[in-house]
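Please examine the sequence and the three-dimensional structure shown below.

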Amino acid sequence: MSKRVVITGLGVAAPNGVGIPAFTSAIKNGLSGIRHDAQLQELQFSCQIAGKPEITEELKSQYFTDLELRGFNSTGILYGVIAGMEAWKNAGLPLEINDEPDWDSGTIFGTGTSGIDKFRESIYKIDELQTRKLGSTVVAQTMNSGISAYLGGKLGLGNQVTTNSSACSTGTEAIIMAYDRIKSGQAKRILAGSTGDSGPYIWAGFDALRVCSSKYNENPELGSRPMSATAAGFVPGSGAGALLIEDLDTALERGATIYAEILGGNVNSGGQRGNGSMTAPNSNAVQRCITDAIHNSGISPTDIDAINGHLTATTKDSLEIENWTKALNRKGDNFPYINSLKSMTGHCLSGAGSIESVAAVLQLYEGFLFGNTNCEDLHPEITTLIDPAKVPFKTFNIDLNIIAKASFGFGDVNACILLKKYKNLYE
């Protein structure tokens with residue numbers, strides 16, 4: 001049984017806005033969430049700026065009990081629960097405590113790691129022969145599926161409850177997995193998303209690889225520069241995004257707000273062959289991922305109005321644009337509009353795909369395209385491929401019909417999804 005699949009709820013904990021109202025205002029107004037990080041400076045990182053959601057103790061208490069917060073030290077689970085619970089409530093779904101689980105609802109909520117700070121804390125205790133002082137929640141906080149387990153318990157989910165992990169494509173992949181499960185009739189709704197921990201123990205490896213921005217430590221808001229000629233590497237970020245994915249018939253029955261429709265998508269890998277590697281994309285695989293996603297969605301490349309790119313502010317930005325032009329067979333002034341959220345949030349790693357997908361859905365639903373910041377000096381390799389006007393610097397209102405969202409990750413993995421403005425009947 002093939003069903004139409006829609007998005008009925010949104011939630012976010014992003015560096016530039018926690019909660020949908022704050023996040024929407026931030027992306028419309030080009031508000032950056034990238035700040036100086038004193039801990040990174042103290043630890044002598046080359047990159048001393050980062051994007052982290054600002055979470056107050058009051059906000060924590062809205063989602064966790066005092067008992068749950070005792071010994072709690074997992075930013076990824078914190079961000080994921082806040083975003084996931086917001087999406088559930090935003091979808092108009094009840095928070096009930098019943099004897100029976102909700103068999104029709106599940107969650108696919110990805111992450112790269114879980115509770116890295118809790119791991120560090122535990123290692124010290126073990127080395128100091130204090131194993132009995134680890135606490136009863138250390139496993140739940142550090143297992144990779146901790147985020148889906150926490151959400152599953154808080155919401156009483158009885159369908160699939162799992163965590164996927166595919167580096168920076170994790171969030172977009174989770175949405176596609178949820179779409180597939182609902183379209184096949186195995187669930188009525190899935191809370192899909194991803195989260196990423198914050199802090200030096202997550203970001204140190206990237207700093208050691210020299211792929212992070214170190215030239216803008218005194219000007220944090222200028223540090224993340226996707227598509228810019230003066231891009232100097234990505235700014236590490238963190239946070240979570242969540243989307244309530246639902247069977248259209250079920251959504252209509254309960255009178256839900258429908259933010260967008262998912263037409264289809266695709267995931268693949270370049271196998272680290274050709275020009276692909278552990279850290280670089282195989283261009284043929286990227287292009288194939290995009291073209292297969294378009295085919296699976298039943299549309300033409302010319303139907304795409306805008307792209308929300310992966311675009312990290314590294315040397316691979318120009319290659320990504322080239323891959324899009326080849327996959328779509330569109331360039332110059334025939335190329336769709338394109339933007340990158342990372343100029344405002346940094347690269348939120350495993351949380352990036354879902355946070356950026358929330359932004360893509362908001363653009364469809366509210367009829368705007370957010371501007372790219374810090375790239376007024378577009379890279380010349382990009383301007384030879386597409387019309388600079390297709391990289392807007394300022395937010396403007398526009399009636400978008402279809403947005404393509406793609407994410408690419410370490411391990412040469414790719415994910416692309418096609419989102420459409422919801423209409424009762426296809427036009």
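**Cysteines, backbone and helices**

C348 is in no disulfide, and the nearest cysteine sulfur, that of C168, is 10 Å away. C416 is likewise in no disulfide; the nearest cysteine sulfur to C416 is that of C289, 5.5 Å away. In general, a disulfide is a covalent bond between the sulfur atoms of two cysteines.

This is a predicted model, in which local features need pLDDT of at least 70 and side-chain atom pairs count only at pLDDT 80 or more, while totals for chains, interfaces and linings use all residues. Residues are numbered from 1 along each chain as its sequence is written, and side-chain values use heavy atoms, with hydrogens and water left out.

C348 is buried, with a relative accessible area of 2%, and C416 is buried at 1%. Here buried means under 20% relative accessible area, exposed over 50%, and partly exposed in between, for a 1.4 Å probe and protein chains only.

The backbone comes next. Most residues other than glycine have a negative phi. R210, although not a glycine, has a positive phi of about 60 degrees. This residue lies in the loop between α10 (200-208) and β8 (239-247); helices (H or I, at least four residues) and strands (E, at least two) are DSSP runs, numbered from the N terminus. R210 is exposed, its relative accessible area being 73%. L349 also is not a glycine and has a positive phi, of about 55 degrees. L349 belongs to the loop between α14 (342-345) and α15 (352-366), and is buried, with a relative accessible area of 9%.

Which residues of α10 are buried? They are P200, I202, W203, F206 and D207. Seen down the axis of α10, these residues fall within an arc of 145 degrees, so they line one face of the helix; the arc is that of the directions from the helix axis to the C-beta atoms.

Finally, α1 (residues 20-28) packs against α15 at an angle of about 80 degrees, with the axes 11 Å apart. This makes α1 roughly perpendicular to α15, a description used for angles of 65 to 115 degrees. In the contact (heavy atoms within 4.5 Å), α1 contributes I20, F23, T24, I27 and K28, and α15 contributes I355, V358, A359, L362 and E366.

Methods: Disulfide = S-S within 2.5 Å. Axes fitted to C-alpha atoms, helices over the stretch in contact; angles between N-to-C directions. Parallel < 35°, antiparallel > 145°, perpendicular 65-115°, else oblique.
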